[in-house]
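Hello,

Here is the structure we talked about. My notes follow below it.

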Amino acid sequence: TGALDESGDAAADFDWENIEPCLYASNKTKDLMHNILSKDMRESMTRMVCTAGAKEGQQLESASPLDIVFWMIHPVLDRLATAKRLATGGAKIKFGEGMGHVAGFATEDWTEYSYYSTDDLKCPGHGRNDLVLSGIPMLEWIERSVPGGNANMTNWDFYAATDPLQFATVDYIYDGFTWDHCSAR
């Protein structure tokens, strides 16, 4: 995906219409984007996402919701992480017809540094035991799960409090985990 020619431009044979559906969390999101964006804009967006030189960290800071790509990436990754957490708990979750099953996490160890940097580089706020989300309203049962509420909540506390294997940990559910819209073409 995202082949570049000698000048650094997306190659003429770049099949953006086949790749575009995989950028969306569902057919509903795809339909919404088709209704609000012109075909030219969707092609430009797909080429940009597939050929950008982004590295880890571009979506890991507080301003990332200002980037329109965040709103396509976030639900897809949340859905995939939820499927992987359920699979870690023993669920057999199919990706889609002929696409295999979601593999559970091999480990839930917490990486506190960037994969692209040295082991010595720590990223404050991203560590397992770093305090997060202080002062941001949470669902009541999430705040109750940590003594002192979210003022004392660490990344790991939040991860544990939103465990999809526990009833009433989040206020939404996914109706499925298949990515059939990727294989529909």
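The largest nonpolar core has 8 residues: Val76, Ala83, Leu86, Ala87, Ile93, Val102, Phe177 and Trp179. A nonpolar core here is a set of buried Ala, Val, Leu, Ile, Met, Phe, Trp, Tyr and Cys residues joined through side-chain atoms within 4.5 Å. Buried means under 20% relative accessible area (1.4 Å probe, protein chains only). A second, separate core of 6 residues includes Tyr24, Met33, Met45 and Met72.

This is a predicted model: local features need pLDDT of at least 70, side-chain atom pairs count only at pLDDT 80 or more, and totals for chains, interfaces and linings use all residues. Residues are numbered from 1 along each chain as its sequence is written, and side-chain values use heavy atoms, without hydrogens or water.

Back to Val102. Leaving aside neighbours within four places in sequence, Val102 is in contact (heavy atoms within 4.5 Å) with Ala83, Lys84, Ala87, Ile93 and Phe95.

Next, helix H3, residues 39-51. Helices are DSSP runs (H or I, at least four residues), numbered from the N terminus. Arg42, Met45, Thr46 and Cys50 of H3 are buried. They cover an arc of only 120° around the axis, so they sit on the same side of H3; the arc is that of the directions from the helix axis to the C-beta atoms. Helices H1 (16-19), H2 (27-36) and H4 (70-88) are among what covers them.

Last, Thr154. This residue is in the loop between H5 (140-144) and H6 (155-161). Thr154 counts as buried because its relative accessibility is 11%. Its contacts beyond four places in sequence are Arg128, Asn129, Asp130, Leu131 and Val132.

Best wishes

Notes: Helix = DSSP H or I, 4+ residues; strand = E, 2+ residues; numbered from the N terminus. Expected span 1.5 Å × (residues − 1). Buried < 20%, exposed > 50% of the residue type's maximum accessible area, 1.4 Å probe, protein only.
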